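Open the model in your viewer and follow the stops below in order. Each stop says what to select and what is found there.

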Amino acid sequence: MLVISIVILNFFPIFASAKDVFYSNEVAVLVYHHIDEQEQSSVTISPALFERQLVSLQRKGFEFITLDQFKDFKRKGKPIPNNALLVTFDDGYESFYTYAYPILRKLGIPAVNFVITKGLEDPKGTKLASLSREEISEMRRNDKNIEFQAHSDELHAMKDGKPMLSNKLTLNGQVESDAEFKTRIQRDTKNCIAKLKALQPAKDVDAYAYPFGSYDDTTIKSLQEVGIQYAFTTKAGIVSALTDPMQIPRINAGSPYVRPHSINNLIKQSMREHLQKKNNNNA
């Protein structure tokens with residue numbers, strides 16, 4: 001009996017720490033925007049809720065990966081952990097530095113922030129304070145798993161009720177030509193890339209989050225021609241090896257209504273829809 005008891009005690013931690021495998025060779029990408037103690041909106045959550053969400057996911061066995069791991073998975077077919085998760089932020093708000101970054105560092109979780117680089121010129125002059133060059137540089141020095149990618153320079157805006165990235169502008173009664181439209185998108189993207197590259201010289205700036213989630217085939221081609229290889233949408237879903245790298249889905253976790261247990265359910269729902277779509281395609 002003593003031998004049996006020792007064996008059980010020795011192996012019990014292994015069994016107790018076993019993690020459920022929800023999915024393999026796929027990635028769930030989470031998207032956040034703003035984190036604040038006081039402000040309330042559909043895309044703003046409190047620091048406490050943000051931390052509870054991440055801790056809950058860690059306890060359930062989800063594995064947080066870097067953007068580099070994600071790229072290697074998509075580009076080279078390199079293996080990733082089971083239950084892989086990538087954390088993304090949009091817009092480059094200062095609240096990422098103030099609230100999110102300390103929590104991410106404490107928990108050892110990597111993340112990527114898609115920055116509207118126009119805000120770098122006057123960080124306090126935007127509607128919500130933006131990240132400064134100094135803050136981005138500090139975060140990069142202290143944690144190489146926190147990085148910054150493109151969310152446009154000046155095209156995160158509406159003109160005549162339409163997103164400027166994916167719609168031709170009308171100026172002085174004249175609609176942009178195809179060439180003018182392409183030139184505008186590419187000039188803006190090059191400016192965005194250059195500003196971010198200057199703050200993280202060792203990093204490729206080749207990922208982009210579509211402003212307002214709006215894009216089309218012309219947008220995709222224009223971005224690819226200036227070096228964008230991965231583009232993130234606002235459509236929900238799970239990323240597989242076959243997912244178009246220019247149409248990467250994400251799951252919105254940055255709503256105050258998404259409680260810690262709810263993210264797990266959102267991921268499972270996206271996984272079910274992904275499997276159903278895959279089965280329909282194979283039928």
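Select residues 47-60, helix H2, together with residues 95-107, helix H4. In this predicted model, the two helices pack with their axes 10 Å apart, at an angle of about 25 degrees. Angles under 35 degrees count as roughly parallel, and H2 and H4 are therefore roughly parallel to each other. Their crossing is right-handed.

Now show the side chains where the two helices touch. On H2, pick Pro47, Phe50, Glu51, Leu54, Val55 and Gln58. On H4, the contact residues are Tyr99, Ala100, Ile103, Leu104, Lys106 and Leu107. Sorted by class, this contact of H2 with H4 holds nine nonpolar residues, two charged ones and one polar one.

Next, go to Asn83, in the loop that runs between helix H3 (67-76) and strand E5 (84-91). Is Asn83 buried or exposed? Asn83 has a relative accessible area of 2%, so it is buried. Its phi is positive, near 55 degrees, although the residue is not a glycine. Most residues other than glycine have a negative phi.

Asn25 also deserves a stop. Select the loop between helix H1 (2-16) and strand E1 (27-32) to find Asn25. Asn25, another non-glycine residue, has a positive phi of about 55 degrees.

Finally, colour the chain by pLDDT. The average over the chain is 91, and 93% of the residues score at least 70. Then select residues 1-18, where the pLDDT is below 50. Beyond near neighbours in sequence, this stretch has zero contacts in the model.

Key
Residues are numbered from 1 along each chain as its sequence is written. This is a predicted model: local features need pLDDT of at least 70, side-chain atom pairs count only at pLDDT 80 or more; totals for chains, interfaces and linings use all residues. Side-chain values use heavy atoms; hydrogens and water are left out. Axes are lines fitted to C-alpha atoms, for helices over the stretch in contact, and angles run from 0 to 180 degrees between N-to-C directions. Helices (H or I, at least four residues) and strands (E, at least two) are DSSP runs, numbered from the N terminus. Angles under 35 degrees count as roughly parallel, over 145 as roughly antiparallel, 65 to 115 as roughly perpendicular and the rest as oblique. A crossing is left-handed if the near helix is turned anticlockwise from the far one by less than a right angle, and right-handed if clockwise. Contact means heavy atoms within 4.5 Å. Ala, Val, Leu, Ile, Met, Phe, Trp, Tyr, Cys and Pro count as nonpolar, Asp, Glu, Lys and Arg as charged, and the others, Gly among them, as polar. pLDDT is the predictor's confidence in each residue, from 0 to 100. Buried means under 20% relative accessible area, exposed over 50%, partly exposed in between (1.4 Å probe, protein chains only).
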